[in-house]
2 protein chains.
Amino acid sequence: MSEQSGTASSRPETVAIIGVGLIGGSIAAAVKTRSIARTVIGVGRTPARLEPAVSRGWLDRVTTDVSAAAREADLVIFCTPVNRIAAGVREAAALCRPGTLITDAGSVKGSICEELSDGLPHGVEFIGSHPLAGSEKQGCEFADSNLLEGRVCVITPMESSTGPARDRLKQFWTRLGATVRELSPAAHDRALAETSHLPHVIAATLAATLSIENRPFAATGFRDTTRIASGDPDLWTAILLANADEVLRSLQKNEQITERFRTALESSDAESLKTLLNAAKSNRDALNTS
Amino acid sequence: MSEQSGTASSRPETVAIIGVGLIGGSIAAAVKTRSIARTVIGVGRTPARLEPAVSRGWLDRVTTDVSAAAREADLVIFCTPVNRIAAGVREAAALCRPGTLITDAGSVKGSICEELSDGLPHGVEFIGSHPLAGSEKQGCEFADSNLLEGRVCVITPMESSTGPARDRLKQFWTRLGATVRELSPAAHDRALAETSHLPHVIAATLAATLSIENRPFAATGFRDTTRIASGDPDLWTAILLANADEVLRSLQKNEQITERFRTALESSDAESLKTLLNAAKSNRDALNTS
């Protein structure tokens, strides 16, 4: 283990990935493919499931023991469900060497970062991350070394976060091909409620609205609009509950606009309908150029 | 012009396509690529825009004159906005030869079919069609000879529709690679409200909900869920108004499910949330196997 592993410009020698599914597997793949660390340790409850990642050279070793992996690592990344991250980080941190940086890939940041804002062993830091990449698919068999390429990765430093740890984390995600943006944990949760958690609720609601007899008439538009509703219900229950206040606020904003659509439809008001559709279109089209 | 053009098993000699955008252009492309008719005439208000389709051999001729094209054709297909189809069909039908079949590609069928259920010249028939293929893109430059391959095309015969005309229409779309399903115009509008028109409203509402400052955090999930909101506001205003009652009914069903999500979020009810997400997922997953 290098003594310089804690300095700002160094690359981690050893990365431990806790939870090697789609995201964890893709991070492992990118780290090895880009030679960002010498060793990647995968931690999972069922090591046999991680064999595909081992045989492709993305993981050097697999273990069920979070603490053992944490003890060896310069960088520990939790890719577990959001409701298991904070406790897992505490458990791992207790055995980390000073200078170890811990992060995660969870879709919610406020509750996790608050829970981890103090009480970690001296010299061990946690800063939250959220790489905005994913899929309705799960499992490391769908992992892709380019999943983060060109994507945004939000990092959410706290007041207590040190400059060097922040820089190391930023460099790590940048080397994986992501564009790093910093937000406070609360600002992250506000933004993601609107861009990811509300869309999940909306897509699920639309998918649930479809009658069985109408399935043959669901074409690409319906399929695209509801694709994310195939995401894992357990993971999404945890995400939505961890950010319920912001999701409810976004839902309320959404319902006000729905109400305008309804009023326009009820009164056959072509002008209002067109205005609403134009506003939606220009908002959506703007994403194609950003 | 063949005298057999009106018989059940014959292929049309001449197809006139009124409105050569994405759908009209794709139909023209498929007709020529699969040698389904000898001649395809394109009708548009700005013939210069149809030049790409002419130079690719998808249109034999272009004209601005609906009546002249209709007079020559065995099969006339209206691919114009839904609020212009019925009047266009009446205008064309007045000059069609007996035995000519007229159809359309509109997303709403009830009002159009009702308006055209009687009063057409003797021997000229209209039966509605709706190929469930499309895109948020517009214009014949995006046309694709395989757009209908493997897609469902709904045809909506009326009580007055003759067997031979129905068979000819069914054969035509089948030859283009589509799977034909018959529905009454009213049943079509009920089904499509749920599978296409409501999703458009939902996607537009979600796109309109996004704040400008949150655009950088809109990843693939948001983009997929709102893709169809980029559709043309004029076309969609006409579609939504022409099917407003059914769209409002679907919206109400959707809002009842949204209400359940809201209640579960407000009360941090993990079990209910998971039940809702599970139902949505299994409904969505079922589309992948159908």
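In what order do the strands of the open sheet of 6 strands in chain A stand?

1. **The parallel sheet of chain A.** The order is 3-2-1-4-5-6, and the pairing is parallel. Strands are DSSP runs of E with at least two residues, helices are runs of H or I with at least four, and both are numbered from the N terminus. Two strands pair if DSSP finds at least two bridges between them. Strand 3 (61-63) and strand 6 (125-126) of chain A are the edge strands, and each pairs on one side only.

2. **What you are looking at.** This is a predicted model: local features need pLDDT of at least 70, side-chain atom pairs count only at pLDDT 80 or more, and totals for chains, interfaces and linings use all residues. Residues are numbered from 1 along each chain as its sequence is written, while chains are lettered from A and ligands numbered from 1 in the order in which they are written.

3. **Inside that sheet.** Strand 1 (residues 14-18) and strand 4 (residues 75-78) of chain A run parallel and are joined by 4 bridges. A:I17 has A:I77 of strand 4 as its bridge partner. Helix 6 (residues 163-175) of chain A lies across strand 4, strand 5 (101-104) and strand 6 of chain A. Helix 6 runs at about 50° to strand 5 of chain A. Axes here are lines fitted to C-alpha atoms, for helices over the stretch in contact, and angles run from 0 to 180 degrees between N-to-C directions.

4. **A mixed sheet in chain B.** Here 3 strands form an open sheet in the order 7-8-9, with mixed pairing. Strand 7 (128-131) and strand 9 (179-182) of chain B each have a single partner strand, so one side of each is left without a neighbour in the sheet. Neighbouring strands are turned by 25° against each other on average, direction ignored. Strand 8 (residues 152-156) of chain B runs parallel to strand 9 of chain B, with 4 bridges between them. B:V152 stands opposite B:T179 in strand 9.

5. **Two domains in chain A.** Chain A is divided into domain 1 (3-183) and domain 2 (188-289); the bounds come from an automatic or database domain assignment. Their centres, taken over C-alpha atoms, are 31 Å apart. In domain 1, 14 residues are in contact with 16 residues of domain 2. Contact means that C-beta atoms, placed from the backbone, lie within 7 Å.

6. **The interface between the chains.** Chain A and chain B each put 74 residues into the contact. Helix 7 of chain B gives the most to the side of chain B that touches chain A, with 16 residues. That side has 41 nonpolar, 18 polar and 15 charged residues. Ala, Val, Leu, Ile, Met, Phe, Trp, Tyr, Cys and Pro count as nonpolar, Asp, Glu, Lys and Arg as charged, and the others, Gly among them, as polar.

7. The axes of helix 7 (residues 185-209) of chain A and helix 11 (residues 270-289) of chain B come within 8 Å and cross at roughly 65°. The contact residues divide into 7 nonpolar, 1 polar and 1 charged.

Definitions and conventions: Two residues are in contact if their C-beta atoms, placed from the backbone, lie within 7 Å.
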